[in-house]
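Here is a briefing on the fold, its helix packing and a few selected residues. Please keep the model open while reading.

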Amino acid sequence: MTELPVTNPDWTSFCQLVQQLAAGNVRRYTFTKWEIDLLLDLQMARMRRSSRPDALRRYLKAIHRQMASGGASAPLRFARFWENETQPRISPAEPVAALPRAS
């Protein structure tokens, strides 16, 4: 499926939806494709309800950075963002456990 470019009104609407979701009060009945994708991703995400506002704020910051850099024509999917957020991070300073030698 090809991604459609985000226009300024779509971008404003998307940002408003993310802010409304973080605040817990969505006051609309029509949604763009990207907003529906976000709602579906939120529905499927494995996260505590209490951590949603913070996750949505971090997501909005990531999208602002993405759009400011001009890196993409459509916003990053929340599912991909959340997957990156929840992956365990290995510090380069952490030693890797040695494998046992075969006798």
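Contact means heavy atoms within 4.5 Å. The model is predicted: local features need pLDDT of at least 70, side-chain atom pairs count only at pLDDT 80 or more, and totals for chains, interfaces and linings use all residues. Residues are numbered from 1 along each chain as its sequence is written, and side-chain values use heavy atoms, with hydrogens and water left out.

**Overall fold**

- The protein has four helices and zero strands. Helices (H or I, at least four residues) and strands (E, at least two) are DSSP runs, numbered from the N terminus.
- Along the sequence, the pattern reads α-α-α-α.
- Of the 103 residues in the protein, 31% are buried. Buried means under 20% relative accessible area, exposed over 50%, and partly exposed in between (1.4 Å probe, protein chains only).
- Among contacts with a separation of 6 or more, 53% come from residues 24 or more positions apart.

**H2 against H3**

- Helix H2 spans residues 33-44 and helix H3 spans residues 52-69. Their axes come within 13 Å and cross at roughly 140 degrees.
- That angle makes H2 oblique to H3. Angles under 35 degrees count as roughly parallel, over 145 as roughly antiparallel, 65 to 115 as roughly perpendicular and the rest as oblique.
- Axes are lines fitted to C-alpha atoms, for helices over the stretch in contact, and angles run from 0 to 180 degrees between N-to-C directions.
- The crossing of H2 and H3 is right-handed. A crossing is right-handed if the near helix is turned clockwise from the far one by less than a right angle, and left-handed if anticlockwise.
- From H2, Leu 38, Leu 42 and Gln 43 meet Arg 52, Leu 56 and Tyr 59 of H3.
- The residues of this contact divide into four nonpolar, one polar and one charged. Ala, Val, Leu, Ile, Met, Phe, Trp, Tyr, Cys and Pro count as nonpolar, Asp, Glu, Lys and Arg as charged, and the others, Gly among them, as polar.

**H3 against H4**

- H3 and H4 pack at about 110 degrees, with their axes 11 Å apart. That makes H3 roughly perpendicular to H4.
- On the H3 side, Ala 55, Leu 56, Arg 58, Tyr 59 and Ala 62 take part; they meet Phe 78, Phe 81, Trp 82 and Glu 85 in H4.
- The residues of this contact divide into seven nonpolar, no polar and two charged.

**The buried side of H4**

- Helix H4 covers residues 78-86, and its buried residues are Phe 78, Phe 81 and Trp 82.
- These three cover an arc of only 95 degrees around the axis, so they lie on the same side of H4. The arc is that of the directions from the helix axis to the C-beta atoms.
- An α-helix has 3.6 residues a turn, so residues three or four places apart point the same way.
- The cover over the buried residues of H4 includes H2 and H3.

**Selected buried residues**

- Ser 13 sits in helix H1 (residues 8-23). Ser 13 is buried, at 17% relative accessible area. Leaving out residues up to four places away in sequence, Ser 13 touches Arg 28 and Glu 35.
- Val 18 also belongs to helix H1. Val 18 is buried, with a relative accessible area of 1%. Leaving out residues up to four places away in sequence, Val 18 touches Leu 38, Leu 56, Tyr 59 and Leu 60.
- Val 18 and Glu 35 are 17 residues apart in sequence and 8.5 Å apart in space, C-alpha to C-alpha.
- Pro 75 lies in the loop between H3 and H4. Pro 75 is buried, with a relative accessible area of 11%.
- Pro 75 and Glu 35 are 40 residues apart in sequence, yet 9.8 Å apart in space, C-alpha to C-alpha.
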